[in-house]
Amino acid sequence: MTSPFTLTARLCGLDAPRLARVLGMRKDAAVPPEPRSLEELSERLLRPGSVALALSQLPLPCLQVAEALAALGTPMALSALARRLGATTAAATRELDGVLETLAEHALVWPDSDGRLHLAAPLRQAWEMPLGLDAPLEELLEGVTSEELRGMLAALGIKPPCTRQQRTAALLEHHGDPQRVASVISKAPSGARQLLEHRAMSAPRETEFIMFGTPEAASRPDERWALDRGFLVRDRHGYGPARMSVEVALALRGPDWHAPFAPVPPASELVSVPAVEVDREAAAAATAFAAHAASVLSACSTTPPARLKYGGIGARELARIGKAAHADDTVVRITLEIAYSAGVLAADGDRVAPTAAYDTWAAQEPAARFAELLHTWWNLQSTPSQARNEENKALPAVTGAPPCGGCLQARRGLLAAAAALAEGQSVKAATDLGPLVAWHRPFAHPSFHDETPFAAAVREAELMGVIARGALSPLGAALLTGDTEELTAACRLLLPAATDTARLGGDLTAVVTGTPTARLAEFLDATADREIGGMASLWRFSAASMRRALDAGHTPDEISVELAAIADGALPQPLSYLIADAARRHGHARVTPAACVIHSDEPALLAELAAHRGLSALGLRQLAPTVVISDSPPDKTLAALRDRGYAPVAEAPDGTVRIEEVPPRRAATVPAPRKAAARAAGTGRPTYRAAEAPAVADSYAVAARLLTAPPTTPAPDPFGTGVPFGTDTEEIVAGYAEQLTYTDVRQLGHAIDTGGAITVEYTAASGSRTVRTLSRLRLDPPYLEAWCHLRDAERIFTLSRVHCVMPA
């Protein structure tokens, strides 16, 4: 038998010298002395946290056996435990021996020299009510007075002894005999008997806390009968709820009652699948995911996604990344969550940008890159593909959610279930592994929106190539070993090496089969537009992409030489023509930054201004004899020139001289109500004042500002929950209809986007409130154009007057 010291060292993950120092042994001891007992070590080393960790890694039968021992009490003979579990057959006995051996390996249960089973002391606290049973009778009687004990014995027809200790022993002896307890209760009044039988088969109610008052009196005669005989005990000297001891509950459950024990996992329909097919499908899935993950992170490197106000990457940015990488939302979410957890991505102000680790990761071979992602996914304490919370609200990605141990155990249990299948066997569908997860890892948590048990975990495993054809792939087997080198080796066997060549076509396309190297992907992204990604990637060259490459500093010769180096054949003639044509047109017109332009018909004057030392702060630069540009805005340039004695004038965008007359200042007046000022004298017709002309704006400046503005992200909902709006329509509606709830905003936005009908409660300008059904909605903020079924005509509604939204 393994020694207690070895078991404890294995549980704590310590070597012998380290364990000796923890136990306070001599630091120079070469061989630590044998401890006195494993129970002593368990009390000193095991803590609730380590017990919970050990239990979370065990299958269901181990937890059932440990719970039975915690409920029934130890030390206990193996034969008695087998009877209570119903494990009396030879096969069940072998299964029970295997379970006890597993518990012993974790130092949770062990036999003594007499074969009696002992339970680690901290493990008794793992269940509040193991098997629905309360504390032993001896513990419940600690708060009972000697006089109350005398009354219990007298009601049972037992002559009470003199001392409290003797009375306690007499009651324990009586209630310790199941036959005597069952005999007395069988003769009880029907109400009391039904009450006790119900309490014996169900867990007791939650503890009641009585702060003031007198001891609670039994309001029911049935309960009073049970309290008088000790079948129910009210602790704390008469305060608190009535509780049933373990001895009474087991006596009422009868000798045929068995604690739950499921040593064999649930049966599932199995089919034969050759290992070569599993390897082939796993390789295809892993290769596709690795290629998509590289594309996703490359898109993040090119344009780092913006963060929402409350953190995370919203739906609009996820859609943009997915479009750029040609990957669906699930793959994008999983990649971002893994990369963020691995430190490849990190928050950088209002963006989520790649870190220096990304460059190191991208330079590796596909197998090494995928192994790193797979290892991070295996240890991720969340469900990265989860897109909605328990309230069905959209979840941003990389929000930094608190760790979820149940999500981690779902992944562990899934692979354990697949590993338990016989070689060459698999489940008919991968989703059939879901019910087995709960048996292998009872602490696993399914996702909120799983249509079948643990569907999200199964889907992730299939996308990563860990599960293929309903069986465990070599990647999954390597993950279970925990050896990173073995995992990398398995990835090298399944994933092909990176490709450094491309097939260039006469239709101005570049096709790369497999995963391109980081250098090849970077060059093609710079000179062409990616159209397809995955197992094979396709880029298309165009005049715009060539101009982009030339703008980035690449020369035509460099592009031609690089394309010839990566091509698996001769450079197509159309591509050569495209490069030459783009180079011929590139740079003939130049755009220089300038805040304003100074022009004059006197070249000598402009030359003087450009050379004037006192005007150097303006950043003047002469482009032509009659044109000088300034880096300073027009007002500042005018003021500086006038301070130096010059007399410039301002010019409007249309070329006319701008009049700088300053109108006299007047105090603001409140306009008269329209009804009072609407009618001209004697006409009877309303008159309106002409609207003021808007200030003249520089359209080129406005266009440049719009083009350079960073992309905006949907704002979180106005109630501060941090959940972003699902669409831009919802955000616009919420901005104008501030009186609507978040649910109403989502319903109205959905109706606008899908063209469906909706019912609203609307307040007209007259103040009357009506309920209208609307269809054919068109959003024109701050108005909503729709077909009103109440009026049977087109109507325009003000969003701020919509007070409630309901389904049509």
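Let's start with two helices: α11 (residues 178–186) and α15 (residues 246–253) have axes that come within 9 Å and cross at roughly 75°. Angles from 65 to 115 degrees count as roughly perpendicular, so that's the word for how α11 and α15 sit relative to each other. Keep in mind as you look around that this is a predicted model.

What do the two helices touch each other with? On the α11 side you'll find Pro 178, Val 181, Ala 182 and Ile 185, and they meet Val 248, Ala 251 and Leu 252 of α15. Sort the residues of this contact by class and you get 7 nonpolar, no polar and no charged ones.

Next, the aromatic rings. You describe a pair of them by how far apart the centres are and by the angle between the planes. This model has 4 aromatic pairs. One of them is Trp 225 with Phe 231: the ring centres are 6.0 Å apart and the planes are at 25°, so this pair is stacked. Trp 225 and Phe 231 are both buried.

Now compare that with Tyr 762 and Phe 797. Here the centres are 5.0 Å apart and the planes are at 85°, so this pair is edge-to-face. Tyr 762 belongs to strand β19 (residues 758–763) and Phe 797 to strand β22 (residues 793–798), so the pair ties together parts that are 35 residues apart in sequence. Again, both Tyr 762 and Phe 797 are buried.

Rings can have a charged neighbour, too. Arg 369 lies over the face of Trp 361, 5.4 Å from the ring centre. Likewise, Arg 411 lies over the face of Trp 377, at 5.2 Å from the ring centre.

Let's move on to the backbone. Thr 74 and Pro 75 are joined by a cis peptide bond, with omega about 5°. You'll find Pro 75 in the loop between α5 (60–72) and β1 (76–77). Another cis bond runs from Pro 781 to Pro 782, where omega is near 0°. Pro 782 sits in the loop between β20 (769–780) and β21 (783–788).

Finally, look at phi. Leu 131 isn't a glycine, yet its phi is positive, at about 60°. This residue is in the loop between β3 (116–119) and α8 (137–140). Is Leu 131 buried or exposed? Its relative accessible area is 14%, so Leu 131 is buried. Phe 454, also not a glycine, has a positive phi near 60°. Its place is the loop between α22 (434–440) and α23 (455–463), and at 7% relative accessibility Phe 454 counts as buried.

How values were computed
Residues are numbered from 1 along each chain as its sequence is written. This is a predicted model: local features need pLDDT of at least 70, side-chain atom pairs count only at pLDDT 80 or more; totals for chains, interfaces and linings use all residues. Side-chain values use heavy atoms; hydrogens and water are left out. Axes are lines fitted to C-alpha atoms, for helices over the stretch in contact, and angles run from 0 to 180 degrees between N-to-C directions. Helices (H or I, at least four residues) and strands (E, at least two) are DSSP runs, numbered from the N terminus. Angles under 35 degrees count as roughly parallel, over 145 as roughly antiparallel, 65 to 115 as roughly perpendicular and the rest as oblique. Contact means heavy atoms within 4.5 Å. Ala, Val, Leu, Ile, Met, Phe, Trp, Tyr, Cys and Pro count as nonpolar, Asp, Glu, Lys and Arg as charged, and the others, Gly among them, as polar. Rings of Phe, Tyr and Trp (its six-membered ring) pair if their centres lie within 6.5 Å; planes under 30 degrees apart count as stacked, over 60 as edge-to-face and the rest as tilted. Buried means under 20% relative accessible area, exposed over 50%, partly exposed in between (1.4 Å probe, protein chains only). A charge sits over a ring if NZ of Lys or CZ of Arg is within 6 Å of the ring centre and within 35 degrees of the ring normal.
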